[in-house]
Amino acid sequence: MRKRFPLKVSISGVRGIIGESLTPQIAARFASAFGTYLGQGPVLVGQDTRPSGTMLKKAVLSGLLATGCQPVEVGVLPIPTILFLTREKQARGAVVITASHNPPEWNGLKFIGPEGLYLRSSQVEEFLDIFHQGEFTFVPAERIKPVIQEKNAGELHLKKILAHLKVNSIRRRKFRVVADCANGAGATLLPQLLQELGCDSLLLNTNLNGQFAHQSEPVPENLGELCRRVKEFGADLGLAQDADADRLALVDEKGRPLGEDLTLALAVQHGLKKKRGPVVVNLSASMAIEELAARFRVPVIRTKIGEINVVEAMLEHGAVIGGEGNGGVIWPEIHPCRDSLTATALMLETLAESQEPLSALAAAFRTYHLVKDKMDCPAELAFRAVVELRHRYQGENISTLDGLKISWPDSWVHLRPSNTEPIIRLLAESRSAARSRRLIENFKKEIKKIIRQLA
Amino acid sequence: MKLLKLNISGVRGLVGQTITPELVIDFASAFGTMLPAGPVLVGRDSRRSGPMVQEAVMSALLSTGHEVINLGICPTPVIQFLVRQHRAAGAVSITAGHNPAEWNALNFINSQGTYLNEFQGSELLDIYHLGRFAHQKLKKSPAVVSEVNPEEVYFSWLKTRLRTAEISRARFKVVVDPCNGAGARLVNKFFAALGCELVAVNNEPNGYFPHDPEPRPRNAGEVASLVRATGANSGFLLNSDVSRVSLVTETGETLSEEYTLPVVAGYYLERQPGAVVTSLSTSRIIEEVASRFQVPVLRTRVGQSALVQTMLQEGAALAGEGSGGLALADFQPAFDGFVVMGLILEMMAVRQKKLSELVKALPRYHIVKDKIICPPHRLHSLVAETRKLYPRAEINSLDGLHFTLKDTWVHVRASSTEPLIRIIAESASAARAQLEVDKVVAFLNRLLG
């Protein structure tokens with residue numbers, strides 16, 4: 001059998017395996033296309049901690065230089081910090097060398113446009129057209145600019161976060177915190193943020209050597225050590241970042257992982273307390289958001305999955321807070337992007353303002369049970385199966401914005417063929433874990449039956 | 001016409017047209033694939049395109065599993081010296097030498113510190129054309145080590161190889177024009193080590209070339225007037241990577257770059273007797289110098305690679321050519337402008353003579369050089385046509401066509417670095433040399449239509 005060399009080009013950039021599919025040649029071509037697309041001007045270049053980062057970065061720098069851009073190297077930084085800095089420094093855009101939570105043999109390039117936003121799908125299309133046509137606007141030698149290296153660029157991000165918080169009331173509480181940075185880029189700034197907020201912290205996995213400490217998705221099954229340490233340390237809360245530091249999961253003072261959807265719920269509650277306004281979340285976020293919004297009498301807008309979709313709707317509707325159920329909190333006061341540092345600050349502020357422990361704050365949302373699952377299914381069949389289900393459930397309250405979501409008064413199920421893998425993702429939420437589980441199992445059975453008929 | 005030239009030791013082209021990140025990565029990946037395991041040195045001259053090319057080179061070397069020692073802006077002879085010092089697997093020098101600022105080039109250097117030989121060069125091209133590069137998985141990244149002031153160890157070596165005490169005692173005043181190239185600023189350290197007083201112009205390594213970085217009288221005006229104004233003992237003009245030098249005497253006379261080789265040979269052969277290797281395009285002055293020392297002159301193809309390889313194979317004392325580049329076997333197998341400047345000062349000190357006096361001892365020939373632009377695919381066939389012009393001449397076809405007439409020679413050859421045909425003639429009479437060059441140029445232009 002021929003060996004396959006996976007290279008994935010998608011709306012969120014390009015990813016591949018180092019030494020096989022993602023070569024310096026490809027990285028330089030993408031950077032040349034991006035430089036051509038942006039036109040000449042400053043472009044930030046950041047990276048995560050993977051060992052292949054330097055090699056790819058140099059290819060990217062070369063492509064940007066050749067197209068007349070002024071690369072500004074910011075080193076290893078969280079993705080939200082790079083997004084923030086792109087706007088703050090009025091750069092034309094940014095390239096981040098990262099494969100977020102893919103295994104270490106992978107790496108990739110993410111492309112950020114002006115204003116510090118991910119490219120919209122129409123922009124990605126334009127940019128990829130340039131890449132595929134291979135006609136890059138290389139500038140003559142005398143218009144090539146030098147590379148600028150910026151050290152400690154991330155402090156600007158922390159400054160802005162601190163400026164928007166009641167720092168003193170948080171400091172007064174002297175919170176005890178255990179933070180797991182998953183040996184990701186978050187380790188560059190989270191410790192300093194906690195220190196600025198007067199926390200007594202125990203830091204786990206803060207090496208920047210590119211060896212991820214554990215599967216870096218901040219889901220409960222990866223947080224065993226954090227939960228244990230929270231109890232040992234007698235902490236008020238535990239924090240878990242993913243490798244890019246855009247998502248945040250919480251562990252309560254009893255050492256129990258709260259589930260990522262709770263980060264969003266707590267953040268939305270706190271955000272609405274600070275300022276009332278529309279809330280934007282994706283289709284997969286918990287119903288708790290609607291309940292919260294009803295309490296504050298503000299509208300909820302639901303979007304397709306994908307950070308840029310949420311961000312665009314937030315900007316359009318002037319949302320005061322929003323995000324994704326996977327722990328990606330977006331608070332536009334700082335910058336419209338998922339940001340675990342901003343989320344951390346909001347969590348500490350909400351704890352400081354409440355006299356209750358985290359477990360009690362979370363209990364208010366514990367009436368919902370969100371179950372996530374997936375099933376193997378070839379991409380083509382997956383789409384056809386979802387179309388068939390849309391017909392079958394036409395009479396119900398359905399949304400076809402992204403796959404199929406069927407809502408009932410106190411439960412829902414969301415079925416979505418993955419864009420990157422041959423699987424269907426299933427999510428269900430209800431007032432009981434058993435019922436959510438049952439919803440998922442029933443739909444799995446139904447999909448299997450449809451697939452058999454289709455095949 | 002897109003300008004890109006491959007030759008045995010590298011690739012050269014116009015930045016943005018042919019020298020693009022991807023082409024550079026392809027070549028450097030081929031080089032990284034070819035080299036045995038081990039660190040690779042990377043340095044560049046001061047051209048504005050240097051960082052773009054260097055980042056691409058370093059990316060490819062890392063990807064093929066090599067540790068990179070980043071020398072930053074560094075003259076090629078210093079890089080060649082440091083390859084042996086570091087026991088490196090090889091080196092890449094990013095410089096287009098004497099070409100204008102819009103050019104750049106990769107020059108590949110092997111573990112002996114010489115340009116790739118013919119076999120290594122063709123192996124490199126085979127890997128490049130095949131396009132199968134040994135990209136590694138990089139579970140652990142090879143390091144990039146930046147070396148600060150890499151020239152210092154080189155200068156302290158060179159100081160011990162020259163008769164530094166005698167040079168210092170002479171308290172020379174020297175004018176130098178590094179053309180804002182890789183030699184800028186370093187010349188201060190170099191001449192200070194030799195106890196010379198330095199007057200430098202265009203001495204910032206910023207890549208703004210006030211004139212083409214080609215050492216020849218046309219570009220030597222500033223040096224000549226400064227020599228006269230300051231009463232200096234000599235003037236030197238460097239190319240962008242300090243591999244070529246042309247001379248200005250204490251009277252302010254700008255010497256043809258053809259004189260660098262015979263002036264140095266006239267002294268060095270006494271210090272170190274042995275054969276002289278030169279190219280077919282180089283003035284016959286060297287024959288007269290060699291006959292004084294009763295050593296043979298071996299003529300071979302143009303270019304550092306062929307000349308230095310022949311020098312090593314034949315155990316010759318030196319190799320050099322009319323461009324002002326020469327390598328001295330006793331120093332290092334590399335065209336080295338610092339060695340050349342050092343030896344000229346040493347000669348002036350030891351012989352206690354002025355540079356003009358040393359030059360006066362050499363025969364005067366008149367050499368005329370011209371070039372015509374020619375599409376790459378017609379270069380060699382057009383050169384071959386010129387046989388018809390000289391049916392009765394003695395012909396050497398080692399590198400283009402070299403015609404020896406009674407008291408004149410004419411050399412017609414395809415450039416190995418640009419899509420050009422070069423025409424060079426030398427004669428005791430200036431008019432005759434010009435006549436022969438004009439004849440060939442007119443003939444070729446007719447064929448080009």
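Reader: What joins S1(A) to S2(A), and through how many residues?

Author: A hairpin, running through two residues. Strand S1 (residues 7–10) and strand S2 (residues 13–17) of chain A are antiparallel and joined by four bridges. In one of these pairings, Val9(A) has Val14(A) as its bridge partner in S2(A). Strands and helices here are DSSP runs numbered from the N terminus, with at least two residues (E) for a strand and at least four (H or I) for a helix; two strands pair if DSSP finds at least two bridges between them.

Reader: Before I go on, where do the numbers come from?

Author: This is a predicted model, where local features need pLDDT of at least 70, side-chain atom pairs count only at pLDDT 80 or more, and totals for chains, interfaces and linings use all residues. Residues are numbered from 1 along each chain as its sequence is written, chains are lettered from A and ligands numbered from 1 in the order in which they are written, and side-chain values use heavy atoms, with hydrogens and water left out.

Reader: Ok, the four-stranded open sheet in chain A. What's the strand order?

Author: S9-S8-S10-S11, with mixed pairing. Strand S9 (200–204) and strand S11 (248–251) are the edge strands, each pairing on one side only. On average, neighbouring strands of this sheet are turned by 20° against each other, direction ignored.

Reader: And S8 with S10, parallel or antiparallel?

Author: Parallel: four bridges join S8 (residues 176–180) to S10 (residues 237–241) in chain A. Ala179(A) has Leu239(A) as its bridge partner there.

Reader: Switching to helices. How do H9(A) and H10(A) cross?

Author: The axes of H9 (residues 260–274) and H10 (residues 288–296) of chain A come within 10 Å and cross at roughly 15°. Axes are lines fitted to C-alpha atoms, for helices over the stretch in contact, and angles run from 0 to 180 degrees between N-to-C directions.

Reader: Which residues of H9(A) and H10(A) meet?

Author: Leu264(A), Ala265(A), Val268(A), Gln269(A), Leu272(A) and Lys273(A) from H9(A) meet Ile289(A), Leu292(A), Ala293(A), Arg295(A) and Phe296(A) from H10(A). Contact means heavy atoms within 4.5 Å.

Reader: What about H14(A) and H15(A), what's the crossing angle?

Author: Roughly 115°, with the axes of H14 (residues 379–392) and H15 (residues 433–454) of chain A coming within 10 Å. That makes H14(A) roughly perpendicular to H15(A). Among the residues making the contact are Leu381(A) and Arg384(A) of H14(A), and Ile447(A) and Leu454(A) of H15(A).

Reader: Now the interface. How much area is buried between chain A and chain B?

Author: About 2,300 Å², with carbon and sulfur atoms giving 64% of that. Buried area is the accessible area (1.4 Å probe) that two parts lose on being put together, summed over both. Gln25(A), Lys58(A) and Ile144(A) lose the most area on the chain A side, together 25% of what that side buries. The contact takes 26 residues from chain A and 30 residues from chain B.

Reader: Last one: where does Ala428(B) lie?

Author: In the loop between strand S20 (420–427) and helix H15 (430–448) of chain B. Leaving out residues up to four places away in sequence, Ala428(B) touches Tyr365(B), His366(B) and Asp407(B). Pro333(B) is 95 residues from Ala428(B) in sequence and 32 Å away in space, C-alpha to C-alpha.

How values were computed: Parallel < 35°, antiparallel > 145°, perpendicular 65-115°, else oblique.
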